Amino acid sequence: MSFAPEVSPRVRAALEAGRPVVALESTIISHGLPRPRNLEAARSFEELLTDAGVTPATIAVIDGVPTIGMLDSDLERIALDESVVKVSTRDLGMAMAGKRTAGTTVAATSVLAAQAGIRVFATGGLGGVHRGYAETLDESADLTVLSRTRVTVVSAGVKSILDIPATLERLETLGVAVAGYRTNRFPAFYLSDSGVGLEWRLDTPEEIASVMAARDAVGEESALLIGNPLPPDRQLDPVLHDRVLGEALEDAAAKGIRGHAVTPFLLDYMQRATGGASVAVNLDVARGNIALAGRIATAWASTSRL
């Protein structure tokens, strides 16, 4: 039995020709957006890249096969089949051996993208250190995976439901480089500014590609994280955000929700309590990151040909 990832002919041809390719994760499709809006979003994400001359490589596990670049029928299945599970790197082998169909997290997508030779990956928000870490020791596998995966990740920082200062400290300890795109402030997914400053700022896709090349030259194998904030006028209203998040955290504590169940609970609470406004912001975040990732991949393809 072969467990090798399957790279679509379109993605393989683009990689072999040195054309720009951007990896996209699939948990935003399977678990991050309401049905059937998620399928429309998945298609729009790929079209955004295709229209910019970039090859999209949405990554998922289909019937046990890690698939890099999906058919539209695969996108439909990931979006609409309620039996689709969510897998991080620790779960990949079990999903593969069990012939399951799964959306891949940031961690799993990063690993599979790197194996295929894809250098740029767009997501919404990174996982991180959870609030109350001292009691729970709850930290996303995204962080440790990025410490050993050579990929440039474009995200709107980390979700504001997490402990953002602690997450940045962990990224520093793990050797993951972090820079803001046209900002010296780290974004917080729904919010443009987490309140935490950054040491490094990069203002163009070409600068980011240059940093990628420099890191390659010294043999750096960890990720480069680009924090790409929403414009302030597109963020979730900060007052509404803080009120709803506080209520959600109190409700989770009262119900004894812990560990991996906390994040989906909080995100669902945010969606309901904001009347769907958080979903609209989520889509804006994803599209902004995908557009920037496409420009970075294009700059990287030009750099690599020099």
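Modeller: What follows is a talk about salt bridges and one threonine in this predicted model.

Biologist: Why is the pair Arg185 and Asp193 called a salt bridge?

Modeller: The closest N and O atoms of Arg185 and Asp193 are 3.2 Å apart. The cut-off is 4 Å, so the pair qualifies.

Biologist: How do you know whether Arg185 and Asp193 are buried, partly exposed or exposed?

Modeller: Arg185 has a relative accessible area of 34%. Asp193 has 37%.

Biologist: What makes Glu247 and Arg243 a salt bridge?

Modeller: Their closest N and O atoms are 3.1 Å apart. The limit is 4 Å, so the label holds.

Biologist: Where do Glu247 and Arg243 sit along their helix?

Modeller: They are four residues apart in helix H11, residues 238-254, so about one helical turn separates them. Glu247 is partly exposed at 30%. Arg243 is partly exposed too, at 45% relative accessibility.

Biologist: Why is Arg272 called exposed, but Asp268 partly exposed?

Modeller: Arg272 has 52% relative accessibility. Exposed means over 50%, so Arg272 passes. Asp268 has 36%, which falls between 20% and 50%, so Asp268 is partly exposed.

Biologist: What makes Arg272 and Asp268 a salt bridge?

Modeller: The N to O distance is 2.9 Å. That is within 4 Å, so the pair counts. Arg272 and Asp268 are also four residues apart in helix H12, residues 262-273, about one helical turn.

Biologist: How many salt bridges does the structure hold, and which residues are linked in a network?

Modeller: The structure holds 14 salt bridges. Arg43, Asp72 and Glu76 are linked in a network of them.

Biologist: Now Thr104. Why is Thr104 called buried?

Modeller: Its relative accessibility is 0%. Buried means under 20%, so Thr104 is buried. Thr104 is found in strand S6, residues 102-104.

Biologist: What makes Thr104 and Thr109 a polar contact?

Modeller: The side chains of Thr104 and Thr109 meet at 2.8 Å.

Methods. Residues are numbered from 1 along each chain as its sequence is written. This is a predicted model: local features need pLDDT of at least 70, side-chain atom pairs count only at pLDDT 80 or more; totals for chains, interfaces and linings use all residues. Side-chain values use heavy atoms; hydrogens and water are left out. A salt bridge is a side-chain nitrogen of Lys or Arg within 4 Å of a carboxyl oxygen of Asp or Glu. Buried means under 20% relative accessible area, exposed over 50%, partly exposed in between (1.4 Å probe, protein chains only). Helices (H or I, at least four residues) and strands (E, at least two) are DSSP runs, numbered from the N terminus. A polar contact is a pair of N or O atoms within 3.5 Å; within protein, one must be able to donate a hydrogen and the other to accept it, and residues adjacent in sequence count only if both atoms are side-chain atoms.
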